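This report is for a reader who has not seen the structure before.

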Amino acid sequence: MVPFAGWSLPLYYEQGHLQSHLHTRRRCSLFDVSHMLQIRVYGRDRIKFMESLVVGDIAELKPGQGTLTLLTNEKGGIEDDLIVTNTSEDHLYVVSNAGCADKDLAIMRGRASELQAAGSDVHLEVSDNALLALQGPSMAQVLQAGLSDDLAKLSFMSSITTTVFSVPGCRVTRCGYTGEDGVEISVPVGQAVELAEQLLGVPEVWPAGLAARDSLRLEAGLCLYGNDIDETTTPAEAGLMWTLGKRRRAAMDFPGAAIIMAQVKQKPKRKPLRCAHGRGRGWVANPHSPLCVSTSPGTVTSGCPSPSLGKNIAMGYVETSHSRTGTALTVEVRKKQHPALVTKMPFVPTQYYMAN
């Protein structure tokens with residue numbers, strides 16, 4: 001167990017990190033991610049409120065549809081990455097990172113107060129639900145046994161409220177942080193243990209901890225807030241301009257829009273490397289490890305041995321002119337230089353499910 005953002009979280013279980021990681025890729029694992037902040041946004045001006053904070057086109061979301069978006073500041077920096085869902089009920093459902101929970105809540109409450117003072121109808125409710133993530137290729141088979149709804153109709157980034165293994169009032173969203181087909185289940189806190197025990201009672205399902213979650217997301221080329229992106233990194237610099245809706249780009253009505261869109265025209269001098277992999281197994285890059293291409297310096301932001309590939313992998317930033325796939329570079333680990341190679345993203349192909 002390790003401390004994280006005021007919580008005590010499991011790093012790994014008895015199977016160990018390596019086997020847990022591989023089991024998730026091959027079968028199915030259950031992650032307790034209840035440390036994530038869950039917020040419901042109510043009121044007729046809830047979309048106006050959300051779009052005043054994030055870069056995504058929330059208005060275009062259909063009922064039950066969600067999107068990954070970025071909460072930005074006036075300098076264009078990323079305060080957090082969020083998943084915002086336009087529920088079929090009367091609210092937006094927002095999930096954000098535990099490490100940013102206090103900051104995000106303060107920003108959102110402050111903005112809500114400003115809009116309320118101007119006559120807008122918006123209010124926030126912090127959910128005390130637990131959050132369980134069931135991830136892996138056999139997820140659908142395991143979960144369908146406890147659902148009356150047809151899981152085959154639920155696409156990636158779609159969400160429904162349903163009963164899960166006799167536990168009513170659960171929000172099931174087809175998403176996750178592993179690159180595999182998976183769901184996150186927001187469950188009433190009083191029945192979270194009951195649901196977790198039922199899922200873990202299926203032999204196919206193993207419990208998994210933070211170590212596997214980190215190596216799985218890195219193989220999938222997914223950013224970790226605080227490592228790969230932060231409040232000093234803009235969407236343009238982070239290679240995340242795909243999160244900006246076309247309408248939002250034209251309107252330039254989100255925090256930091258002028259700075260971000262100017263960077264797009266100028267092209268950032270620094271570009272994210274997703275990804276670099278070691279040609280040997282002799283190094284493990286840690287955040288802040290120097291990353292070099294000839295005389296051009298860069299920085300590793302995430303790195304680990306890849307259980308799926310049997311080699312070391314890393315993400316980081318280098319000058320744009322040295323970010324082309326196939327570029328040879330070196331990574332400094334413990335004052336020794338190790339060869340690496342820029343490769344395509346992601347390291348391991350993602351398996352997100354899209355319904356017909």
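Leu195 touches Leu132, Val164, Phe165, Val167, Cys170, Ile185 and Val187, leaving aside residues up to four places away in sequence; contact means heavy atoms within 4.5 Å. The model is predicted, and local features need pLDDT of at least 70, side-chain atom pairs count only at pLDDT 80 or more, while totals for chains, interfaces and linings use all residues. Residues are numbered from 1 along each chain as its sequence is written, and side-chain values use heavy atoms, with hydrogens and water left out.

Leu195 is also among the residues with the most contacts inside the largest nonpolar core, which has 24 residues; Leu134, Leu143, Val164, Ile185, Val187 and Leu199 are the others. Such a core is a set of buried Ala, Val, Leu, Ile, Met, Phe, Trp, Tyr and Cys residues joined through side-chain atoms within 4.5 Å. Buried means under 20% relative accessible area, exposed over 50%, and partly exposed in between, with a 1.4 Å probe and protein chains only. Strand 3 (28–32), strand 9 (130–135), helix 4 (139–144), strand 11 (167–173), strand 12 (182–187) and helix 5 (192–200) each give two or more residues to this core. The largest share, four residues, comes from helix 5. Another core, of 23 residues, lies apart from it and includes Val55, Ala236, Ala238 and Phe254. Helices (H or I, at least four residues) and strands (E, at least two) are DSSP runs, numbered from the N terminus.

**Sheets and helices**

Another open sheet, of five strands, has the order 5-6-7-4-8 and antiparallel pairing. Its edge strands, strand 5 (65–72) and strand 8 (123–126), pair on one side only. Strand 4 (residues 37–42) and strand 7 (residues 91–96) pair over six bridges, with Tyr42 opposite His91.

Axes are lines fitted to C-alpha atoms, for helices over the stretch in contact, and angles run from 0 to 180 degrees between N-to-C directions.

| Helix | Angle and reference strand |
|---|---|
| Helix 3 (residues 101–117) | about 155° to strand 8 |

**Domains**

The chain is divided into domain 1 (2–217) and domain 2 (269–345), with bounds from an automatic or database domain assignment. Their C-alpha centres lie 30 Å apart, and the contact takes seven residues from domain 1 and five residues from domain 2. The buried area between them is about 460 Å², of which carbon and sulfur atoms give 59%; this is the accessible area (1.4 Å probe) that two parts lose on being put together, summed over both. His21, Ser215 and Arg217 supply 59% of the area that domain 1 buries against domain 2.

Strand 18 (residues 328–333) has Leu329, Val331 and Val333 on a covered face and Ala328, Thr330 and Glu332 on an uncovered one. Strand 18 and strand 19 form a hairpin with two residues between them, and Arg334 in the turn has a positive phi of about 55°.

Technical notes
Pairing = 2+ DSSP bridges.
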